Amino acid sequence: MQGKVEICGVNTSKLKVLKNDEMVELLRKTKEGDMEAREKLIAGNLRLVLSVIQRFDRRGENVDDLFQVGCIGLMKAIDNFNVDLDVKFSTYGVPMIMGEIRRYLRDNSSMRVSRSMRDTAYKVLQAKEQFMAQNQREPTLEEIAKILDTKREDVVFALEAITDPVSLYEPVYSDSGDAVTVMDQVKDSKNTDESWLERIALKDAVAKLPEREKRILALRFFLGKTQMEVSAEVGISQAQVSRLEKSALEQIRKNL
């Protein structure tokens with residue numbers, strides 16, 4: 001989207017910005033059925049749509065498509081906004097626009113979610129929109145669960161199932177140096193590539209030992225038996241067990 005001035009035939013550099021008193025007046029006229037006021041209101045809030053879709057510019061989606069979907073969210077916000085409440089239109093409009101875009105991305109996502117989970121997610125989003133239309137604020141998880149008469153956990157799972165995926169290499173913090181990515185936050189410092197390679201090498205080294213030495217090492221180091229117990233089970237002397245064990249370990253070190 002960088003450097004793009006025209007979106008859907010609209011010159012974004014010349015988008016009009018409404019003053020607060022103009023916004024309030026147009027909203028009131030729109031509620032009275034003035035369609036011309038509604039058109040002016042839509043045109044005067046296209047910058048709001050533009051600012052929202054910029055949050056999705058790394059997904060590789062077509063910007064024109066996102067802009068059109070965002071405009072649908074804007075129109076829904078205009079039609080459902082309650083002018084009698086002391087709330088700025090942008091406070092209500094941004095979540096509505098983002099919700100419409102996320103619904104579009106979810107429906108066109110390559111990641112598949114079970115039908116039952118998707119149905120629950122749709123109900124959650126519908127309940128959320130209805131609540132926002134009535135109260136001009138986003139509901140809490142508990143409030144959504146109460147509306148749907150379901151568990152809070154079900155609401156959480158449904159919302160997480162339709163959450164946009166995040167790249168492991170997405171920067172989450174940068175302070176004039178190397179950026180910290182999601183990978184840095186979730187990586188397993190114990191099971192690293194080096195440790196996996198060492199395990200593979202060890203497995204190959206052990207595989208080259210004679211069967212008797214393999215059995216002695218298994219009894220000693222996996223089952224934790226003493227050399228006397230191993231000698232009784234294998235049928236050789238404790239001295240032989242000690243010698244074969246030492247020889248096997250030396251052979252493994254050499255192979256490594």
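A salt bridge here is a side-chain nitrogen of Lys or Arg within 4 Å of a carboxyl oxygen of Asp or Glu. By that rule the structure holds 13 salt bridges. The model is predicted: local features need pLDDT of at least 70, side-chain atom pairs count only at pLDDT 80 or more, and totals for chains, interfaces and linings use all residues. Residues are numbered from 1 along each chain as its sequence is written, and side-chain values use heavy atoms, with hydrogens and water left out.

**Salt bridges**

- Helices (H or I, at least four residues) and strands (E, at least two) are DSSP runs, numbered from the N terminus.
- Buried means under 20% relative accessible area, exposed over 50%, and partly exposed in between (1.4 Å probe, protein chains only).
- Lys40 and Glu36 form a salt bridge with an N to O distance of 3.8 Å.
- Both Lys40 and Glu36 belong to helix H2 (residues 35-43), where they are four residues apart, about one turn of the helix.
- Lys40 is partly exposed because its relative accessible area is 45%, while Glu36, at 55% relative accessibility, counts as exposed.
- Asp79 and Arg38 form another salt bridge, with their closest N and O atoms 3.0 Å apart.
- This pair links distant parts of the chain, since Asp79 is in helix H4 and Arg38 in helix H2, 41 residues apart.
- Asp79 is partly exposed at 41% relative accessibility, whereas Arg38 is buried, with a relative accessible area of 14%.
- Arg215 and Glu233 meet through their side chains in a salt bridge of 3.7 Å, N to O.
- That pair also links distant parts of the chain: Arg215 is in helix H11 (residues 211-222) and Glu233 in helix H12 (residues 227-234), 18 residues apart.
- Arg215 counts as partly exposed at 41% relative accessibility, and Glu233 counts as partly exposed at 36%.
- A network of salt bridges links Lys76, Glu100, Arg103 and Glu129.

**Aromatic contacts**

- Rings of Phe, Tyr and Trp (its six-membered ring) pair if their centres lie within 6.5 Å; planes under 30 degrees apart count as stacked, over 60 as edge-to-face and the rest as tilted.
- Searching the whole structure gives two aromatic pairs.
- In one of them, Phe81 and Phe89 have ring centres 5.4 Å apart and planes at 80 degrees, so the pair is edge-to-face.
- Phe81 and Tyr92 make a tilted aromatic pair, at 5.8 Å centre to centre with 50 degrees between the planes.
- Phe81 lies in the loop between helix H4 (63-80) and H5 and Tyr92 in helix H5, so this pair ties together parts that are 11 residues apart in sequence.
- Phe81 is buried at 3% relative accessibility, Phe89 is buried at 5%, and Tyr92 is buried at 1%.
- A charge sits over a ring if NZ of Lys or CZ of Arg is within 6 Å of the ring centre and within 35 degrees of the ring normal.
- Arg220 lies over the face of Phe221, 5.5 Å from the ring centre.

**Second largest pocket**

- On a 1 Å grid over the protein atoms alone, a cavity is a set of points where a 1.4 Å probe fits but cannot get out, and a pocket is an open set with protein on both sides within 12 Å along at least five of seven lines; lining residues have an atom within 4 Å of a point.
- Grid points are joined across faces, edges and corners, and a volume is the space filled by probe spheres set on the points.
- The volume of the second largest pocket is about 410 Å³.
- Its lining has 19 residues, and Asn20, Met23, Lys88, Phe89 and Ser90 are those nearest the pocket centre.
- Helix H1 (20-31), helix H3 (46-53) and helix H5 (89-107) each contribute at least two lining residues, and H1 gives the largest share, four residues.
- Ala, Val, Leu, Ile, Met, Phe, Trp, Tyr, Cys and Pro count as nonpolar, Asp, Glu, Lys and Arg as charged, and the others, Gly among them, as polar.
- By these classes the lining has 11 nonpolar, four polar and four charged residues.
- Lys88 lies in the loop between H4 and H5 and is exposed at 57% relative accessibility.
- The C-alpha atoms of Lys88 and Val24 are 9.2 Å apart, although the two residues are 64 residues apart along the chain.
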